Amino acid sequence: MDRSKIIKMVVLLAVITLAAAGLLRMLRKNSMSLAEYESLNLAEQESLFLGEDKDAPGSDSSKGSGDPEPSHASDDDGSQASDDTDGSEGSQASDSSDGDGSGGSQASPPSRLTGASLNGDSQAEERVTYEDGFYYEPISHNLRRYMTGISYPGDQTAGNAGEGGTESASAPKISLEELRYVHILHYDFDGSPAEGELICNESIARDLVEIFYELYCNEYRLEKVLLIDEYDGDDVSSMEDNNTSCFNYRPVAGSSSLSRHAYGLAIDINPLYNPYITYSKDGTMNVSPASGADYADRSLSFPYKIDEDDLCYKLFIQHGFTWGGSWNHSKDYQHFQKAKP
């Protein structure tokens with residue numbers, strides 16, 4: 001081969017080699033090793049996981065309120081709760097009532113409420129849900145056992161037939177089948193969403209979930225809403241603790257006549273700030289609970305006072321309840337009741 005041709009080929013190969021090396025260096029400026037790629041991909045996955053967890057804080061909105069909702073849910077016709085009715089996507093309904101209702105597949109944590117824990121999902125087929133966190137259902141066997149001897153009469157007064165086949169005079173005037181467990185959400189005095197629960201007559205269960213839902217949407221404050229059984233059925237202790245409650249099989253204070261509470265047809269709202277006031281024959285004023293004496297003068301302005309301008313008053317009146325604050329011979333500012341159906 002001609003020497004000049006060989007020299008030209010060598011020079012050409014050298015130029016190609018140099019060009020290829022330069023191009024490779026340029027490409028490497030925007031490239032990464034396999035180890036670098038794996039490290040970056042792992043970091044992105046961890047960031048995504050943490051981001052999803054942060055965006056699912058264990059709460060769902062109630063009509064845009066942005067507050068936590070329980071996971072119990074079912075159709076309004078009382079059908080069994082399904083995985084897509086508890087405010088989450090694909091999350092399994094659990095025994096809880098304070099679940100997160102958020103997106104994702106995590107199950108809700110169990111409720112800390114006694115009644116919700118005892119009922120669990122045992123009554124899900126008969127549960128009626130008004131909105132997430134606001135539902136009512138029959139009382140389970142476990143909850144019945146818990147109530148019996150406290151808010152509901154014990155076995156000795158359970159209505160068994162006496163001698164001769166007649167019903168005992170001490171038999172309860174209402175059966176447990178006529179009562180309903182009610183679960184709600186409310187804002188406590190710190191302004192934080194909280195769970196609440198009540199036992200009531202089946203005839204007012206729908207009224208209560210509707211009323212408490214409207215109160216919740218308006219961030220109305222209720223310090224606590226617990227079963228009276230948490231106070232051993234002691235109405236005074238419950239009032240002193242400013243507990244909102246409904247059913248308690250007891251007589252009217254100072255009387256042998258059954259209270260509307262004994263039928264689950266009355267409810268006391270924030271009782272410490274809205275006391276029950278009676279007058280003795282000598283004109284002496286009696287306030288119950290005693291620690292509510294500072295709130296007996298209704299001409300004063302103070303928080304949590306129920307009067308005719310109060311939202312709670314307006315809602316109960318709209319649902320056909322009467323208010324103890326309008327009575328003539330006594331004043332029961334905490335008390336709303338409805339007639340027997």
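Which residues of α5 are buried? The legends below begin with that helix and then move to other sites of this predicted model.

**Figure 1. Helix α5 and its buried residues in the predicted model.** Buried in α5 are A205, D207, L208, V209, E210, I211, F212, Y213, L215 and Y216. That makes 10 of 13 residues, so the helix is largely enclosed by the rest of the structure. Helix α5 covers residues 205-217. From its first C-alpha to its last it reaches 18 Å, close to the 18 Å expected at 1.5 Å a residue. E219 follows α5 and has a positive phi, near 55°.

**Figure 2. Packing partners of α5.**

**Figure 3. The protein as a whole, for orientation.** The protein has 7 helices and 10 strands. Its residues number 341, and 42% of them count as buried. Take the contacts between residues at least 6 apart in sequence: 57% of these join residues at least 24 apart. The accessible surface comes to about 18300 Å². Carbon and sulfur atoms account for 50% of that surface.

**Figure 4. The largest pocket.** Its volume is about 340 Å³. The lining counts 19 residues. Nearest the centre of the pocket lie R250, V252, A253, Y276 and D332. Two elements, α6 (235-240) and β10 (335-337), each supply at least two residues of the lining. Helix α6 gives the most, with 3 residues. By class, the pocket lining holds 8 nonpolar, 6 polar and 5 charged residues.

**Figure 5. The largest cavity.** Rolling a probe the size of a water molecule over the atoms shows where empty space is left. In this model, 2 cavities of 30 Å³ or more are found. The largest cavity holds about 60 Å³ of space. Its lining includes S151. E197, L198 and I199 also line the largest cavity. So do L226, L227, I228 and D229. S245, C246 and F247 complete the lining. The classes are 7 nonpolar, 2 polar and 2 charged.

**Figure 6. The second largest cavity.** This cavity has a volume of about 30 Å³. Its lining is made up of I228, D235, S245, C246, F247, N248, R250, H261 and D268. The lining splits into 3 nonpolar, 3 polar and 3 charged residues. I228, S245, C246 and F247 line the largest cavity as well. R250 is also among the residues that lie nearest the centre of the largest pocket.

**Figure 7. D307 in the loop between β7 and α7.** Strand β7 covers residues 285-288. Leaving aside residues up to four places away in sequence, D307 touches Y313 and W323. Q334 is 27 residues from D307 in sequence. In space, the C-alpha atoms of D307 and Q334 are 9.8 Å apart.

**Figure 8. A cis peptide bond at P289.** The bond from S288 to P289 is cis. Its omega is near 5°. P289 sits in the loop between β7 and α7. D307 is found in that loop too.

**Figure 9. D232, a residue with positive phi.** Phi of D232 is about 55°, although D232 is not a glycine. D232 lies in the loop between α5 and α6. Its relative accessibility is 67%, over the 50% cut-off, so D232 counts as exposed.

**Figure 10. N242, a buried residue with positive phi.** N242 is found in the loop between α6 and β5. Its phi is near 55°, a positive value in a residue other than glycine. Is N242 buried or exposed? With a relative accessible area of 0%, under the 20% cut-off, N242 is buried. D232, in contrast, is exposed.

Methods:
Residues numbered from 1 in each chain as written. Predicted model: local features only at pLDDT ≥ 70, side-chain atom pairs only at ≥ 80, totals over all residues. Heavy atoms only, no water. Helix = DSSP H or I, 4+ residues; strand = E, 2+ residues; numbered from the N terminus. Expected span 1.5 Å × (residues − 1). Buried < 20%, exposed > 50% of the residue type's maximum accessible area, 1.4 Å probe, protein only. Contact = heavy atoms within 4.5 Å. 1 Å grid on protein atoms, 1.4 Å probe; cavity = no way out; pocket = protein on both sides within 12 Å on 5 of 7 lines; lining within 4 Å. Points joined across faces, edges and corners; volume = space filled by probe spheres on them. Nonpolar A, V, L, I, M, F, W, Y, C, P; charged D, E, K, R; others polar. Areas by Shrake-Rupley, 256 points an atom, 1.4 Å probe, with all protein chains shown as cover.
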